[in-house]
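Subject: Structure for you to look at

Hello,

Here is the structure I said I would pass on. My notes on it follow below.

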Amino acid sequence: MGQQRVPVWVKALDPLSQVGLVYALRQRPEILLVTENHHLKARTTLPLVALIAVDSLDPTAGQVLRAAAHRGYRRTVVIAGVIDDDAVTTAVELGVSGMLRRADATAGRIVQLIQAAAAGDGRLPAPHSRSQAGLSDRETHVLRLVADGKDTHEIARELSYSERTVKNVLHDVTTRLKLRNRSHAVAYALREGLI
């Protein structure tokens with residue numbers, strides 16, 4: 001007999017993410033998408049997992065997470081554009097089972113997090129996964145290539161990322177650190193001695 005499908009309810013704070021996540025997960029045989037008013041016809045021993053996509057764990061996202069818990073979604077996975085130490089702390093306080101940065105969110109990684117949450121495993125990023133200056137190794141590597149004068153296409157090709165992933169990494173860095181653009185991000189990384 002095959003692996004049991006994990007029932008998942010998806011909630012994104014923007015319509016594009018909602019459609020994209022539903023489409024990506026509908027293709028996966030490990031996942032059973034459910035609606036807000038779910039009635040699972042087949043008996044399942046796996047808990048219902050809420051997958052919530054937000055820009056950051058701000059008060060609005062906190063309200064969505066609390067509402068999901070109130071509705072009975074005991075396992076929650078969050079995809080966020082920005083995950084810093086404060087976000088991890090907030091996630092722990094709200095009982096989040098797993099977190100993934102939007103820039104790292106592939107269908108496969110999302111499914112792994114959902115399955116881990118359903119099995120009772122928590123997977124939150126370690127707060128110390130960033131350098132003291134607040135950059136991950138991945139972000140530092142991308143900024144190093146920008147500093148070398150490479151464009152988005154060249155960086156994507158060299159790192160075997162999609163161009164969208166490179167853009168997301170750069171967007172996350174500039175947004176999280178309140179920088180104006182790529183050049184400002186490179187200057188910041190140089191000033192901090194990261195590249």
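**Helix 6 and its surroundings**

At the N-terminal end of helix 6, the backbone nitrogen of H153 has a side-chain oxygen of D151 within 3.2 Å. Helices here are DSSP runs of H or I with at least four residues, strands are runs of E with at least two, and both are numbered from the N terminus.

Before the rest, a word on where the values come from. This is a predicted model, in which local features need pLDDT of at least 70 and side-chain atom pairs count only at pLDDT 80 or more, while totals for chains, interfaces and linings use all residues. Residues are numbered from 1 along each chain as its sequence is written, and side-chain values use heavy atoms, with hydrogens and water left out.

Helix 6 covers residues 152-159, and its buried residues are T152, I155, A156 and L159. They line one face of the helix, because they fall within an arc of 100 degrees when seen down its axis; the arc is taken from the directions from the helix axis to the C-beta atoms. Buried means under 20% relative accessible area, exposed over 50%, and partly exposed in between, with a 1.4 Å probe and protein chains only. An α-helix has 3.6 residues a turn, so residues three or four places apart point the same way. The cover over the buried residues of helix 6 includes helix 5 (137-147), helix 7 (163-176) and helix 8 (182-191). After helix 6 comes S160, with a positive phi near 60 degrees.

The axes of helix 5 and helix 8 are 10 Å apart, and the two pack at an angle of about 110 degrees. Axes are lines fitted to C-alpha atoms over the stretch in contact, and angles run from 0 to 180 degrees between N-to-C directions. Helix 5 is therefore roughly perpendicular to helix 8, a term that stands for 65 to 115 degrees. Helix 5 contributes L143, V146 and A147 to the contact, and helix 8 contributes R182, A185, V186 and A189; contact means heavy atoms within 4.5 Å.

R176 is in helix 7. Its relative accessibility is 13%, so R176 counts as buried. The side chains of R176 and E139 are joined by a polar contact of 3.0 Å, that is, a pair of N or O atoms within 3.5 Å, one able to donate a hydrogen and the other to accept it.

**The protein as a whole**

The protein has 8 helices and 5 strands. Of its 195 residues, 44% are buried.

Regards

Methods:
Parallel < 35°, antiparallel > 145°, perpendicular 65-115°, else oblique.
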